[in-house]
Amino acid sequence: MDTAAIILTGGRSSRFDGRHTPGIEIAGSPVIASLLTTVEAVGAGEIVVCGSSAGIDAGMLTRLLLVDEEPAFGGPLHGIGCALAALPTGERIILVLAGDMPAISASLLARLRESSAAGSPAAAVDPSGRVQFLCAAWPEAVLRDAVAGLGSAVGLPVKALYRDREITLIPATEAELIDIDTPADLDRAEQITDAEQDSGAD
């Protein structure tokens, strides 16, 4: 099935003294670079990044569409709308992802995509029951309809996109759904990466 991806990188990263979290390196690779590699591995033909390009190398920039969030810092739901406006209309499954998630797996994205092909959005949920609304897949027509129905999305929480809609929850590990909102989150992501590298060396 045709697949596109929207990746949001428009946050302020206020807890990191101006360091843009998708551009922070873990094990020598920017968070956003690791995520983009995974998105390409799952077969996304079109990738729209809304927000900052920090951490994206020149070669990757030629393979995606970078769009500005106007107005800036309008929130992730607003960013989704800006990205959709730049993406020609089609009949795809659209992955909707936060740009600060370094450990999402291709298998998780494939499961989200397969589920959403049935006609309703799918979002990842961790073992504690926390739903990550920015690790999700949507049928394109359903996503466009949901965004259009909200009107101005500036400042709205992303969960508003899912209101009154059937959602399929796809189990994910706690590690897969780490999003780097705080220095503690970064420490956890680094520890998981170190543990995976040690395991691979055995």
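**Salt bridges and sheet architecture of the predicted model**

A network of salt bridges links Glu46, Arg92, Glu140 and Arg144; a salt bridge is counted when a side-chain nitrogen of Lys or Arg lies within 4 Å of a carboxyl oxygen of Asp or Glu. The structure is a predicted model, in which local features need pLDDT of at least 70 and side-chain atom pairs count only at pLDDT 80 or more, while totals for chains, interfaces and linings use all residues. Residues are numbered from 1 along each chain as its sequence is written, and side-chain values use heavy atoms, with hydrogens and water left out.

The protein contains six helices and nine strands, taken as DSSP runs (helices H or I, at least four residues; strands E, at least two) and numbered from the N terminus. Its radius of gyration is 16 Å, close to the 17 Å given by the globule rule for 202 residues, so the protein is as compact as a globular protein of that length. The radius is taken over C-alpha atoms, and the rule is 2.2 Å times the number of residues to the power 0.38. Along the principal axes, the C-alpha atoms fill a box of roughly 50 × 35 × 30 Å. Of the 202 residues, 48% are buried (buried, under 20% relative accessible area; exposed, over 50%; partly exposed, in between; 1.4 Å probe, protein chains only). Among contacts with a separation of 6 or more, 70% are between residues 24 or more positions apart, contact meaning heavy atoms within 4.5 Å.

Seven strands form an open sheet in the order E5-E4-E1-E6-E8-E7-E9, with mixed pairing; two strands pair if DSSP finds at least two bridges between them. Strand E5 (65-67) and strand E9 (168-171) are the edge strands, each pairing on one side only. From one strand to the next the twist averages 25°. Axes are lines fitted to C-alpha atoms, for helices over the stretch in contact, and angles run from 0 to 180 degrees between N-to-C directions. Strand E1 (residues 3-9) pairs with strand E4 (residues 46-51) in the parallel sense over six bridges, and Leu8 stands opposite Cys50 in E4.

Two helices are described here relative to the sheet. Helix H4 (residues 106-116) packs on the sheet and touches E1, strand E6 (93-98), strand E7 (122-125), strand E8 (131-139) and E9, its direction making about 50° with that of E8. Helix H5 (residues 140-150) lies across E6 and E8 and runs at about 120° to E8.

Side chains of opposite charge can pair when their charged atoms come close. The count of salt bridges in the model is eight. In the pair of Arg92 and Glu46, the closest N and O atoms are 2.4 Å apart. Arg92 lies in the loop between helix H3 (76-86) and E6, and Glu46 in strand E4, so this pair ties together parts that are 46 residues apart in sequence. Arg92 is buried, at 9% relative accessible area, whereas Glu46 is partly exposed, at 32%.

Asp145 and Arg165 also form a salt bridge, at 3.1 Å from N to O. Because Asp145 lies in helix H5 and Arg165 in the loop between H5 and E9, the pair ties together parts that are 20 residues apart in sequence. Arg165 is partly exposed, with a relative accessibility of 29%. A further salt bridge joins Arg188 to Glu174, with the closest N and O atoms 3.1 Å apart. Arg188 is in helix H6 (residues 183-201) and Glu174 in the loop between E9 and H6, 14 residues apart. Arg188 counts as partly exposed, at 30% relative accessibility.
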